[in-house]
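Work through the exercises below with the sequence and the model in view. Try each task before reading its solution.

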Amino acid sequence: MSETEALETHLQELRRGTVVLACLRLLASPGYGYGLLEDLAARGFDTDANTLYPLLRRLEKQGHLVSEWNTDEARPRKFYRTSPAGGRLAAALTADFHAISAAVAALPEKD
């Protein structure tokens, strides 16, 4: 494995959990999948539909998101929002993320 490939693998692992946290926080206001993809990308969380939609279904199944269909437009859209349980999970993940970030910042850096 090349150094670039190794870096990409590790970056993907590092970002995986942050996408969950970002979705839970962004969906405090209702949103639909494609709009969420755009919002995530605009905020530096690059992901694709093949990753996002299974994640949304999994979070909904776990009770962290709720959804409803909007059929008022020509094309029905499924809107998601963070449930109360999802809000509690987002708060816990945010606190842990800050603790991990502080711990990493305190590590010595090699010149």
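pLDDT is the predictor's confidence in each residue, on a scale from 0 to 100. The mean pLDDT of this protein is 94, and 99% of its residues reach 70 or more. Residues are numbered from 1 along each chain as its sequence is written. The model is predicted, so local features need pLDDT of at least 70 and side-chain atom pairs count only at pLDDT 80 or more, while totals for chains, interfaces and linings use all residues; side-chain values use heavy atoms, with hydrogens and water left out.

**Exercise 1. Elements and confidence**

Task: List the helices and strands in sequence order, and find where confidence is lowest and highest.

Solution:
- Step 1. Helices (H or I, at least four residues) and strands (E, at least two) are DSSP runs, numbered from the N terminus.
- Step 2. The protein has four helices and three strands.
- Step 3. Along the sequence, the pattern reads α-β-α-α-β-β-α.
- Step 4. Confidence is lowest in helix 1 (residues 3–26), with a mean of 92, and highest in helix 4 (residues 84–105), with 97.

**Exercise 2. The buried side of helix 2**

Task: Which residues of helix 2 are buried, and what do they pack against?

Solution:
- Step 1. Buried means under 20% relative accessible area, exposed means over 50%, and partly exposed lies in between (1.4 Å probe, protein chains only).
- Step 2. In helix 2 (residues 33–42), the buried residues are Gly 33, Leu 36, Leu 37 and Leu 40.
- Step 3. These residues lie on the same side of helix 2 because they cover an arc of only 105° around the axis. The arc is taken from the directions that run from the helix axis to the C-beta atoms.
- Step 4. Contact means heavy atoms within 4.5 Å. The buried residues of helix 2 pack against helix 1, strand 1 (31–32), helix 3 (49–61) and strand 3 (77–82).

**Exercise 3. Two helix pairs**

Task: Describe how helix 1 packs with helix 3 and with helix 4.

Solution:
- Step 1. Two packed helices are described by the angle between their axes and the distance between the axes. Axes are lines fitted to C-alpha atoms, for helices over the stretch in contact, and angles run from 0 to 180 degrees between N-to-C directions.
- Step 2. Angles under 35 degrees count as roughly parallel, over 145 as roughly antiparallel, 65 to 115 as roughly perpendicular and the rest as oblique.
- Step 3. Helix 1 and helix 3 pack at about 65°, with axes 11 Å apart. The two are therefore roughly perpendicular to each other.
- Step 4. Val 19, Val 20, Cys 23 and Leu 24 of helix 1 meet Leu 52, Leu 55 and Leu 59 of helix 3 in this contact.
- Step 5. Helix 1 and helix 4 pack at about 130°, with axes 9 Å apart. That makes helix 1 oblique to helix 4.
- Step 6. On the helix 1 side this contact includes Leu 21 and Arg 25, and on the helix 4 side it includes Leu 89 and Phe 97.

**Exercise 4. Two single residues**

Task: Is Leu 59 buried or exposed, and is Ala 74 buried or exposed?

Solution:
- Step 1. Leu 59 lies in helix 3. Leu 59 counts as buried because its relative accessibility is 3%.
- Step 2. Not counting residues up to four places away in sequence, Leu 59 touches Val 20, Leu 24, His 64 and Leu 65.
- Step 3. Ala 74 lies in the loop between strand 2 (65–70) and strand 3. With a relative accessible area of 88%, Ala 74 is exposed.
- Step 4. The C-alpha atoms of Ala 74 and Lys 110 are separated by 57 Å, and the two residues are 36 residues apart along the chain.
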